[in-house]
Amino acid sequence: MDDTDAGDIPDPDDATLCTGVVTIASDRSLKDDAAGEAINEALADNGSEITVREHVGSDYDKVQSIVSRLIDRGDVEVVITAGATGVEPDDITIEAVDPLLEKELTAFSELFTVLAYERAGTKAVAARTLAGIAEGTPVFCLPGHPDAVRLALEEIILSEAAGIVELAREAEPDSEDGEEPGTADGPADTGASSEATNGGA
C-alpha cells in the first residue's frame, strides 16, 4: 500500500459502521445471548450501530444462508458472527462461512490468537476465528464467549473495520467516473459493445 492509499482510509473515530450481527448457539436464544450483548455494547460505545441482529442454532445451512443474506444487504457494511467456532462436532460457523469469502484476512486470526494467548494462555489453541471479504463486505467470525468477543472488537475490529470497508469497496463506484464499459468516449473493451452503442456516431 502506498502513501496515497493510507490517506484515503477514514478515521475510525469518525466512522459509523452499519453492522449485521449473527450469534450461533443451539443452547441459547436471543434473550440470553451474552455474546450478542457484548457486540452490541462494544459497537454502541464506538458510535456504531447494529442494522440487523439475529440468532440461529448451530446448523451449517442456516448459518451460511443468513450470513449470505446479510452480505447482500445494502445497509450492512460489516458482518460479525459469534459462536460455534470451536472444535466440538457442532461448531460449524467457520466451515459454513468460509465458502462465501472471496479473500481471507489471514492476519486477523493470527493477531487474535496472540492476544488471546496473552489473556488465557494455551487455551487459545482451541479458539478458532475467521475473517475475510465477501462482495466488498468484511466478515468476522468470532468465538461465542463474551470476553473473546470484546477482545476481538476492542483490540482489532473497531480499529480497522472502517478502513477495510473503504479498501474493499473503493473499486466499486466506477459509474461516478463515467467510465463504465461501452459508455466512455475512448475505445471500448469489446468491438461488439462499441458498435452496438456508438454505431452511428
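Visitor: Hi! Where is Val78 found?
Guide: Hello! Val78 sits in strand 3, which covers residues 78-82. Bear in mind that this is a predicted model.

Visitor: Okay. Is Val78 buried or exposed?
Guide: Val78 is buried, because its relative accessibility is 1%, and the cut-off for buried is under 20%.

Visitor: Which residues is Val78 in contact with, leaving aside its neighbours within four places in sequence?
Guide: There is a run of contacts with Leu17, Cys18, Thr19 and Gly20, and also with Thr137, Pro138 and Phe140. Ala161 and Val165 complete the list.

Visitor: What separates the C-alpha atoms of Val78 and Cys18?
Guide: Those two C-alpha atoms are 6.5 Å apart, while the residues are 60 apart along the chain.

Visitor: How many bridges join strand 1 to strand 2?
Guide: Seven bridges, and the two strands run parallel. As a detail of strand 2, Val52 is the residue opposite Gly20.

Visitor: Switching to loops: where is Asp33?
Guide: Asp33 belongs to the loop between strand 1 (18-24) and helix 2 (34-45). Asp33 is buried, since its relative accessible area is 3%, against a cut-off of under 20%.

Visitor: What lies 3.0 Å from a polar atom of the Asp33 side chain?
Guide: That would be the backbone nitrogen of Gly36. Not counting residues up to four places away in sequence, Asp33 also touches Thr23, Arg53 and His55.

Visitor: Nice. What volume does the largest pocket have?
Guide: About 720 Å³. The lining has 32 residues, and those nearest the centre are Thr85, Pro143, Gly144, His145 and Ala148. Helix 2, helix 5 (106-120) and helix 6 (146-169) are the elements that give two or more residues to this lining.

Visitor: How do the lining residues of the largest pocket divide?
Guide: There are 16 nonpolar, seven polar and nine charged residues.

Visitor: What about the second largest pocket, which residues line it?
Guide: Leu105, Thr106, Ala107, Phe108 and Leu111 are in the lining, together with Phe140, Ile156, Ile157, Glu160 and Ile164. Helix 5 and helix 6 are the elements that give two or more residues to the lining of the second largest pocket. The volume of the second largest pocket is about 170 Å³, and its lining has eight nonpolar, one polar and one charged residues.

Visitor: Back to helix 5. Is Thr113 buried, exposed or partly exposed?
Guide: Thr113, a residue of helix 5, is partly exposed, because its relative accessibility is 34%. That value falls between the cut-offs of 20% and 50%.

Visitor: Which backbone oxygen lies 2.8 Å from a polar atom of the Thr113 side chain?
Guide: The one of Ser109. Thr113 and Lys123, 10 residues apart along the chain, have C-alpha atoms separated by 10.0 Å.

Visitor: Last one: where does Thr129 lie, and what does it touch?
Guide: Thr129 is in the loop between helix 5 and strand 5 (130-134). Not counting residues up to four places away in sequence, Thr129 touches Ile94, Phe108, Ser109, Phe112, Cys141 and Pro143. With a relative accessible area of 11%, Thr129 is buried.

How values were computed
Residues numbered from 1 in each chain as written. Predicted model: local features only at pLDDT ≥ 70, side-chain atom pairs only at ≥ 80, totals over all residues. Heavy atoms only, no water. Helix = DSSP H or I, 4+ residues; strand = E, 2+ residues; numbered from the N terminus. Buried < 20%, exposed > 50% of the residue type's maximum accessible area, 1.4 Å probe, protein only. Polar contact = N/O pair within 3.5 Å; in protein donor to acceptor, adjacent residues only side chain to side chain. Contact = heavy atoms within 4.5 Å. 1 Å grid on protein atoms, 1.4 Å probe; cavity = no way out; pocket = protein on both sides within 12 Å on 5 of 7 lines; lining within 4 Å. Points joined across faces, edges and corners; volume = space filled by probe spheres on them. Nonpolar A, V, L, I, M, F, W, Y, C, P; charged D, E, K, R; others polar. Pairing = 2+ DSSP bridges.
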